[in-house]
Structure formats: structure tokens, C-alpha cells
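Open the model in your viewer and keep the selection tool ready. The stops below say what to pick and what is there.

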Amino acid sequence: MKHFLFCFILGFSICYGQRQKVTADISVSENLKHLKVNSQITFKNNTEKSLDTLYFYDWNNAFSSKESPLAKRFAEEYVRKFHFSSKELRGYTRLKNFYATAQKTDWDYLKDQPDILFLALEEPLSPGQKIELHLDYKLNIPADNLTKVGWSPEALRLKNWLIIPAIHESDWIIYSHKNLDDYPTQFLDYQLNFKIPKKVFLESSFDQTELKIGKKHNHFKLSGQEMLDTDVYLTKLDEFSTIKTDPVEVISNIESKSIRPEIKALITDRIAFYLESKIGAYPHPKLLVSELDYRLSPVYGLNQLPSFIRPFPDGFQYDIKLLKTMTLKHLKTKIALNSREDKWLINALTVKVMIDYVDQFYPKMKLLGTFSEVFGVRWFHAADLLFNERYKFIHETMIRQNLKQPVNLPQDEMLKFNRQLSSPYQAGIGLNYLGDYIGHDQLDESIHQFFEEGNLQHTSADAFFAILNDHTNKDIRWFRENYLGSYKNIDFKIGQVSKTETGYDLAIINNADNAMPVKLGLYQGDEFIESVWVEDFEGPSKAVQINTPEADKFVVNYDYSLPEYNARNNIKRKKKILNKPIQIRLLEDIEDPTYNQIFVIPEFTYNLYDGIALGTKLYNTSLLPKDFSYDIGPKYGLRSGSVVGSIGFDYTQNFKEQELFKIRYGATGSRYSYNTDLFYNKFSAFMQMTYRPTDLRSNKRHFLTLRTVNVVQDESETVKTEEPNYNVFNLSYGFQDKNLDHFLTTHIDYEISKKFSKLSASFRFRKLFNNNRQVNVRFFAGLFLYNDTNESDYFSFGIDRPSDYMFDYNYYGRSEDDGLFSQQYIQADGGFKSIFENRYADQWITTTNVSTTIWNWVFAYADLGFHKDKGHSPNFIYDSGIRLNLVEDYFELYFPLYSNNGWEVSENAYDQNIRFIVTLDFQTLFGLFKRKWY
């Protein structure tokens, strides 16, 4: 016993001595915005080599520059508030003194990484040697509307806020803050002395060892050993409450006003015991969870619902919120991983714990909650799905868009949607699938052992897989290499089925050539008989013998637990003409792979001549896109009194891990009014190739489009129709690189028809400077190679309004020459805002459109250029005015001031000169949301 105690104390002393220690005196300003920090860091060289330079994390200073990795990340995802916030609101660090005991030092920030500090030592620090470092600095905390963390007038929420030593493994780990919730984690010892204003409450993960009450300030002494969590909350209201459970004391401000305190205590106690059984004991006496923790990693779906909509029981909603937050905090505090490289493992285990918890305590909870029982809603397939099926559905939205990335990619290489939803969900349901394969008891034992052995240790995903391999005699390399680590999709189907004397021979086809085991379900009619595992195989197919002669229906991945690219081809029936029955659904629904589904939805469009056109759309795409899709949308125009609408068919061919991202083939037709009682019919066939870098986070795109457009227009005795019937072949190339701080597009277009051939090019550039001034420049040039249209300007280049003879633009009143609808502005061709007497050019045109910021969303614009008509000299034109850029490219107003027409503001009917951009199309507006996530 004495020997054991001696070894324990010796081991503890060695571990304790190896950790770095941070001691700091912290004074908080009255408004909670600024912190003065006097810090001492005891740094020990735990490496096997001498160090002449030490590195430190100062992630608070990531907000100081609009050129930092954090700022660039925001720009890529169109987050405007960071760029348009003042430096005071963005926050920064002011480091006054930084020196080492008995050594002269030079310190600075890494180039282009203002959140990574380095200290050059005069004499190298030998292995095992310690050094005392002293820092004196001021923290200006960022406003919490930037990343949810930080300062607000009512509270100060601190995460990753102190300057601490960087981690050194085989080398320094010195990645920057990118708002990915992946701060480099290491176990440190802390001694923090806080001086805070009176009437401000302090809560933290640390132990509070002393409290002194003063007249104007209170003094807190906080300490902690082997700490990963350094969260500190300073609030003007006492937000936190404490619930003591046997496993751990839980401090929380996660609220649900409708839940009684005793119910909260029971839920908290149940979660604490559940996590202890799954993961092991929490390593500290206090577990701090906050509403902020939840908002940083919410249960998506629940967090989007307004408070007055409550489809889930209050207890369930509170339970799931608390479960998600406590699980993440438990996992992230118990072990230290490379947070950027291996964070996927924490996310996967969180989802796995949540799936198991809901299966155990809420096995019948539906995806739509109580909405599933509402009349009308219960007819939808979505109403049949259980809550846990949400993970697969959300992940499949990225699979179908060809945007799946390997789960174990570094966090900063993932698309936002993948990082926050799709990849964690794929990993979590993958662990569940692995448990099905090797046995759930073996998987649970592996997880528990991983956290017990890694408790308060640095560990890795490699260690987790080593433990998994020890708990099974099955080969599970497919899980790491093909399920987690591959860009490839998963797509199994059943090929030929042949009757034998004892049952059936059938072929399992792997369309994605991504080897992994899959379950095969055997049915008699719709009655389930049994399932068998088909082991992973190389090659396109595998022969399987089934000794179940009574089976007449075979379903690969029968319980749909494996997220597939196409689960609609999983069923093969004997003695049936159709593998799946046809189902017609009113309104859009979640895809049911057991049916051939047709959706019917009410639809309306609007233009001046048809008025509101009401009708239905028949289509086959559910909430998840399909390779082959069609939509048929007949409508009745209330004003024209005629049948209008559109029809379209297209097929998309996706490619993996190459710059040719997809090829889309299709044909469309439409019929609408182009003038009062006059209709056009448009038919088009097209092929479009989209190129996208293999780094899916890049906003660069290339498009090559070939199409033919055939137009037939009604003719009238009273309204002249210049070109009633024509066909145009169009070849175009487009490039775009759209970011918040820089925006570049190029478009080259060639058209040829019986009467003309023309070539045009446009270039558009937008730059947002660090002083928040924005400059927009657009160049356009167009040239007729030949033009036999005589006196008609129908195919001419538009100066202030494109004629749109291929009916590509969403004009609300395309034939109007006066009135409100004639003032609609579409930036194409010449792009002028003033309306000129000669509005077209039938030989060539070249223009420049410029605008720049005056204040906030108020811009000054100017357009100038030359155009030439046949038989005339080139003509110089210009205009200028004010642009109200309310939502760029979606909602804008233009007020002309001065042009070739003179001072336009002095005209009597000036309101008729004002131009507008208004986008009503849902798909276009959806792009505003989509660009942040995809």
C-alpha cells in the first residue's frame, strides 16, 4: 500500500510538473468591455529538443485586423457585420510588456496571423528547463454579435481569452482563429485573481477559493488544475443556477420557463448519470454549461423554431438542449485532441450519445413532434419519421448536391454546412452503423475505455481506432478509410435475381465503388423475414446466395441506416411489374424511397400581362435533389384569361475529386404573355458544364453553356412584332469568384442566328476596402459580326435596357415603354440607368459602369461609353446619379442626376426616371442564405 501511494504521488508530481501554469491578475472595466491583465506563465520545455522561440495563442487579437485569417473566413462566408464593425467593437489585444526572467527577449506576431504571438529567446531553453514569463496586456473584448462570444452591455462571456502557451507535439501547433470552435486544447494549471465591478456576478468552471467584498469592486480568486475549459461569465443579472447531482455539480443558465425546477433537476440528474455510464466520470467537481455553449452548437431544427411554436413537449426540448450541451462539454473537458484535425471524433461521439439517449428515453418521438398528429400534416412521409432520422436526412442534402466531404478533413477545409451539420451527423450515424456490424456492446465498451485511458490526457483518433480494433475480430478498415475518409458516395442496389432450388442467387451492385458491408433484408410480400450481412467487397458487384425460398422481395440497406446517394434503387421484387408503387403527394415532402413519388404543389407567377397566374406544378424532386428531375407547371393567367406555364426536364451528371464538378443536360419550354393578348412560346435545349475547385471552400466557379433557343411569338394587327419567329444558338463561358471583400465575374457570349451573329464580353469587379468604402466596376463590350435585321433593333445591344429576345430575364412588364414597369433595371448590355432617346446599338458598343460608397448603403454611380449604329458615327454617352444599395443585386434603387439628357432632377416627371431592382424569385433569394453554407 505504501509503495502504491508513493508511486501515485510520484506520478502525480511528475505530471503536475510537466504542465504549464498561468497566473494572472485581471481587472475588469465598469462597462465590462476591457480587461487589464498582468500575467505570469511558468513554461517548461517538455520536448526533447532545445527551443529558441516560444509561441503563444492570443485569439482575442484575431479580431484586430481585417486581413486576419478570421476576417478572410468571414469574407468567404459573406458575414458583413465583422467588416463593417469599428475596431473598438471588433476587439483587440494591446501587449505592453513581455519578458522572460533573466533574459532579453524580442516578441512579435506572426505575419498574417495576428493571433499567434512569438517570443525569441536570447538563450535556447533546454529540454526539461523552465522559464518564467511575464506579460502585461489589455484585452478589448469583441462584441458578441460577431461570434456569439464576447461583450454586450449586459454581460461579458469569455472563451479562449487569455494569452497562453502554444502546444508543441512533434512541432508547434499554431493555427489561427477562424470561428470554428476549435481552440487548441491543452491541460494547464490556472490561478486567476479577478477584480470586477460591484453588482456584477461571476461564474466559471474554476474553483472559487476566495471572495472579498469591496465598496466599488469585488475580488475573486479562481484556481484550477488540468483545465481545458477556461470559460468565465460576468453578468449584471444572476443568470446561473446550480443543480447538485451525485456525479457532478452542474451550473447552468440554459432556461425553459415552462419547466419546473424539480423537473429540471431530474432531467439534469438523468443526463449526468447517463454520460457517466457512457463516457466515464467527469474529471472536475463542477460542470458549467451555458446558453452560449448551446448557441455555438445548437440542435438544428429546434433552434430555428420561434418560441410560440412548440411541436415538442417542453421537457423533451429542454432535455435535448441540455443533453447536447452537457455532452459536448463533458467530452471536450475530459480529453485533449488536436481540435482542428480530430474534432470530428468529438462531434461523432456527441451525435452517437444523443441518438442512444433518444432511443432509450424517447423511442417514439417523431421528427415533427406533435405536428405529426395534425390533420393534413400526418399524411406526409415526414410525419412518419422518428426524431433520430433527422441526422441521415440532413446529411443526405449534401450528398445529393455533390458536396460531401470526408468526415476527417481539418475543420477549416470544410464547407460550413458540412462542418456544423452534415459531417458530424454522418460520423454519428456511422458509429451507430458500426455498432450494428461489430456489436453495440463492443462499441460502447470501446468508447468507455477510450475515455478512461485518455482521461485528462492528450489523445487522438488513432488511439480510438486502436481500441476499436482490440474489441472486434472483424476488419473495420472500411469504416475509417471508406466511410469516414472518402469523398465517394455510398450507393448499393440489387442486380439480377435468379431462382434456385434452395432459394435465390442475386447480385449486390456497388454503384459508387466504395467498399463497406451492407445489410440485405428479405421479405415475403411486405412482411419482414430476416436480414443478412453482405461483407464489404472490391469491384462493382458481389454474388450472394439466399436460402430463403419464400422470399419474394429483397431490399439492400433495408432499414436505410446507411446514408446513400440514391436509396430509391434498393428494392427488387419478384412477380411484380413495378418494384415500387406510384404515390402522388400534395405539397413537397421528405423522400420516401419505398415509392415512386410525384409531387403536386400550388404555384403562382406574375407579370403585367398575365397578371397573377395560378396553377399547379407536378414534379419529382422532393426536399432532396435528384439526378433526373422534371417539373410541369400549367397555370391560368387571371388577367390574360389564358393557359400559361412551363415544362422542364434535366439530368445532372456529378463528378468527384476533379475540377469538372457536374454536367447538366436539359430541355425546357414555356408560354407566357409578352404584351396584352400576345403570347410567346420558348423552347430550349441546353448542356452546361460546371467547374469547381476540388477545394470546395473556394468560391471560384467556371461555367460553359451550350444551348439553342427557339421562340415563336403571336402577331397582331395593332401591335408590331418585329421578329415573330427565330432560333438562336448560344455558346457562353462564365467565371465567378464571389466573396464579401472581393467579387469578380467574367462572361463571354457568342450568339448566331439566321439574321445575325454577335459576340460580347463583360467583366465585373467589386472591392470592399478596409475603410468600408466599396468600389464597383463593370466593363461591357459587344460587336455584331454581321447584322441583317435592317431597321429593327430587336436583336441590338441595349444601352439602358436589354431587349431580352431569348426571354432569360424576369421582366415584370417587358413590353412597357412608360410607367412603373418600364423602370425596372436589369444590369446587362450597356447597363446605363438614364433612359435615352436611342436605346439600342446595332453595330457595336463599349461601356463602363462605376459606383462607389458615399455613406453606408448610399452610393454614387457613373456610366460612360461609346456605341455605334450602322451608317452613323460613334456616339459618346454618359450618366450619373445616386444608388441605394439596400441588398446588393437583389433590392436597389437608382436616382439619375446628370447625363446626356441634362439635369434630370429638374424634370417635371422625375419620378419616371427612377430605376429599381426588385427580386421576387424564391430560388434567387435563397441564394442569399445558401452562399454562407455551401
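Is Glu 77 buried or exposed? Select Glu 77: its relative accessibility is 8%, so Glu 77 counts as buried, the cut-off being under 20%. Keep in mind that this is a predicted model.

**Stop 1: salt bridges**

Next, select Arg 270 and Asp 319. They form a salt bridge, and the closest N and O atoms are 2.5 Å apart. This pair links distant parts of the chain: Arg 270 sits in helix H5 (residues 261–279) and Asp 319 in helix H7 (residues 314–334), 49 residues apart. Check the cover on each partner. Arg 270 has 30% relative accessibility and therefore counts as partly exposed. Asp 319 is at 0%, so this residue is buried.

Move on to Arg 814 and Asp 804. Here the closest N and O atoms of the salt bridge are 2.9 Å apart. Both residues lie in the loop between strand S40 (797–798) and strand S41 (840–841), 10 residues apart. Arg 814 is buried, and Asp 804 is buried as well.

Now select Lys 159, Asp 229, Asp 231, Asp 293 and Lys 329 together. Salt bridges link these residues in a network. How many salt bridges does the count come to? The count is 45.

**Stop 2: helix H8**

Select residues 343–361, which make up helix H8. Then color H8 by burial. Of its 19 residues, 16 are buried, so H8 is largely enclosed by the rest of the structure.

**Stop 3: surface patches**

Switch to a surface view. Select Phe 729, Leu 731, Ile 748, Ile 752, Leu 759, Leu 783, Leu 785 and Tyr 786. Together they form a nonpolar surface patch with about 630 Å² of accessible area. Strands S36 (725–738), S37 (742–753) and S39 (774–787) are the elements that each give two or more residues to it. Which strand gives the most? S39 does, with 3 residues. Pick out Leu 783, which is in S39. At 39% relative accessibility, Leu 783 counts as partly exposed.

For a charged counterpart, select Asp 513, Glu 535, Asp 536 and Glu 538. They form a negative surface patch. Zoom to Glu 538, in the loop between strand S24 (527–534) and strand S25 (541–546). Its relative accessible area is 67%, so Glu 538 is exposed.

**Stop 4: backbone angles**

Most residues other than glycine have a negative phi. Two selections go the other way. Tyr 560 has a positive phi, near 55°. Look for it in the loop between strand S26 (553–556) and strand S27 (571–573). Tyr 560 is buried, because its relative accessible area is 15%.

Finish on Asn 856, with a positive phi of about 50°. It lies in the loop between strand S42 (844–855) and strand S43 (858–868). Asn 856 has 43% relative accessibility, so this residue counts as partly exposed.

Technical notes:
Residues are numbered from 1 along each chain as its sequence is written. This is a predicted model: local features need pLDDT of at least 70, side-chain atom pairs count only at pLDDT 80 or more; totals for chains, interfaces and linings use all residues. Side-chain values use heavy atoms; hydrogens and water are left out. Patches are made of residues with over 30% relative accessible area and no salt bridge: like charges are joined within 9 Å, nonpolar side chains (Val, Leu, Ile, Met, Phe, Trp, Tyr) within 5 Å. Accessible areas come from the Shrake-Rupley method with a 1.4 Å probe; for residues, only the protein chains shown count as cover. A salt bridge is a side-chain nitrogen of Lys or Arg within 4 Å of a carboxyl oxygen of Asp or Glu. Helices (H or I, at least four residues) and strands (E, at least two) are DSSP runs, numbered from the N terminus. Buried means under 20% relative accessible area, exposed over 50%, partly exposed in between (1.4 Å probe, protein chains only). Lys and Arg count as positive and Asp and Glu as negative; His and the chain ends are not counted. The place of a charge is taken as NZ of Lys, CZ of Arg, CG of Asp or CD of Glu. The expected span of a helix is 1.5 Å times one less than its number of residues.
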